[in-house]
Amino acid sequence: MISLPGPLVTNLLRFLFLGLSALAPPSRAQLQLHLPANRLQAVEGGEVVLPAWYTLHGEVSSSQPWEVPFVMWFFKQKEKEDQVLSYINGVTTSKPGVSLVYSMPSRNLSLRLEGLQEKDSGPYSCSVNVQDKQGKSRGHSIKTLELNVLVPPAPPSCRLQGVPRVGANVTLSCQSPRSKPAVQYQWDRQLPSFQTFFAPALDVIRGSLSLTNLSSSMAGVYVCKAHNEVGTAQCNVTLEVSTGPGAAVVAGAVVGTLVGLGLLAGLVLLYHRRGKALEEPANDIKEDAIAPRTLPWPKSSDTISKNGTLSSVTSARALRPPHGPPRPGALTPTPSLSSQALPSPRLPTTDGAHPQPISPIPGGVSSSGLSRMGAVPVMVPAQSQAGSLV
């Protein structure tokens with residue numbers, strides 16, 4: 001036996017039903033199919049019976065021994081038609097959860113659907129073709145009814161939005177994730193005393209309840225009920241109204257205080273470091289520092305004024321203290337500042353004559369002698385060990 005795919009078999013059977021109906025003479029078409037309603041409603045998770053039966057010549061619904069019915073039920077969803085049950089040649093074939101209410105052969109063709117889901121909503125068609133023992137058609141009919149599977153509200157979730165403290169505003173929200181048809185919401189306060197809320201504080205479509213200017217008397221247990229025509233579900237939330245400052249205000253104050261203390265500590269540390277940096281250059285003794293350069297004193301130099309007179313005579317020997325005790329009333333000759341690191345000037349020369357160098361004065365000239373010669377005593381600053389002048 002060759003097995004054919006299910007859709008192909010369904011199409012062939014429908015073609016057979018329609019062909020037998022077309023071949024039957026109009027006078028022989030005496031079958032009438034009855035469906036009491038065009039629309040039915042059922043609840044998800046339950047079951048429903050789609051009623052259908054047929055009659056011949058106005059007879060009561062009882063089959064005759066010569067009747068051979070062919071029955072098929074179809075379900076159409078999203079432009080696709082599926083066969084859910086068939087009774088052909090005494091054999092019944094059906095999908096899970098689908099069955100005939102009465103055993104065949106029978107003129108009652110009612111269909112039972114169990115374990116309903118929302119996706120089972122849609123049009124259902126019943127097709128029947130009756131033949132006699134000789135295979136002659138006694139009639140054919142097909143009718144359709146609409147099934148609508150309703151979904152009760154799923155348990156909603158309740159939430160509190162806002163900070164519930166005295167004088168503040170909060171919103172209680174309630175949402176059911178699934179229902180058919182759409183639910184409506186109702187908020188009640190159960191404890192400590194019963195209270196029902198209405199618009200504008202209550203939004204029956206969105207399920208929100210707005211509470212403004214909270215007070216301690218508004219605390220309690222609030223219950224939200226989500227309901228439609230086939231069911232009800234609820235949730236609750238406890239509102240506790242605090243009298244102290246909000247957590248956000250306390251947190252802001254703490255954060256502000258910490259930031260202020262941090263800035264103050266940073267300023268103090270910066271001031272301390274800056275003062276320490278200013279003191280270090282004044283107190284720091286650098287061992288590798290180069291001593292200031294001293295002006296060289298020539299061992300023997302003579303300074304002669306422009307008019308040829310001797311102004312001062314210095315020598316290294318005159319700068320040294322005498323080995324013996326100084327004579328009373330004697331002055332220590334000091335070099336003039338004008339004689340420091342200056343070259344010995346030359347006397348002007350006459351044409352044709354060679355300049356005569358001036359012989360240095362012996363280093364043993366006394367102070368009285370220098371005074372008679374016109375020398376000027378000058379105080380020479382002492383030189384420290386590091387080389388700087390004192």
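This dialogue goes through some features of a predicted model.

Visitor: Where do nonpolar side chains usually go?

Guide: In soluble globular proteins, nonpolar side chains tend to be buried together. In this predicted model, the largest nonpolar core has 29 residues. Leu-50, Trp-73, Leu-109, Leu-111 and Leu-113 are the members that touch the most others in that core.

Visitor: Which strand gives the largest share of this core?

Guide: Strand β10, residues 122-131, gives the largest share, with 4 residues.

Visitor: Which residues does Leu-111 touch?

Guide: Leaving aside residues up to four places away in sequence, Leu-111 is in contact with Val-48, Val-49, Leu-50, Trp-73, Val-84, Leu-85, Val-98, Ser-99, Leu-100 and Val-101.

Visitor: What does the second core include?

Guide: The second core is separate and has 20 residues. Among them are Val-170, Met-218, Cys-235 and Leu-239.

Visitor: Which residues form a nonpolar patch on the surface?

Guide: Val-254, Leu-258 and Leu-261 form such a patch, and together they have about 300 Å² of accessible area. Val-254 belongs to helix α2, which spans residues 247-283.

Visitor: Now the backbone. Which residues does a cis peptide bond join, with omega about 5°?

Guide: Omega is the angle to read here. That bond joins Met-104 and Pro-105. Pro-105 sits in the loop between β8 (98-100) and β9 (111-113). A cis peptide bond also joins Lys-180 and Pro-181, where omega is about 0°. Pro-181 is in the loop between β13 (170-175) and β14 (184-191).

Visitor: What is phi of Asn-213, and where does Asn-213 lie?

Guide: Phi of Asn-213 is near 50°, again a positive value in a residue other than glycine. Asn-213 lies in the loop between β17 (208-211) and β18 (220-228).

Visitor: Why does Asn-213 count as exposed?

Guide: The relative accessibility of Asn-213 is 55%, and exposed means over 50%.

Methods. Residues are numbered from 1 along each chain as its sequence is written. This is a predicted model: local features need pLDDT of at least 70, side-chain atom pairs count only at pLDDT 80 or more; totals for chains, interfaces and linings use all residues. Side-chain values use heavy atoms; hydrogens and water are left out. Patches are made of residues with over 30% relative accessible area and no salt bridge: like charges are joined within 9 Å, nonpolar side chains (Val, Leu, Ile, Met, Phe, Trp, Tyr) within 5 Å. Accessible areas come from the Shrake-Rupley method with a 1.4 Å probe; for residues, only the protein chains shown count as cover. A salt bridge is a side-chain nitrogen of Lys or Arg within 4 Å of a carboxyl oxygen of Asp or Glu. Helices (H or I, at least four residues) and strands (E, at least two) are DSSP runs, numbered from the N terminus. A nonpolar core is a set of buried Ala, Val, Leu, Ile, Met, Phe, Trp, Tyr and Cys residues joined through side-chain atoms within 4.5 Å. Buried means under 20% relative accessible area, exposed over 50%, partly exposed in between (1.4 Å probe, protein chains only). Contact means heavy atoms within 4.5 Å.
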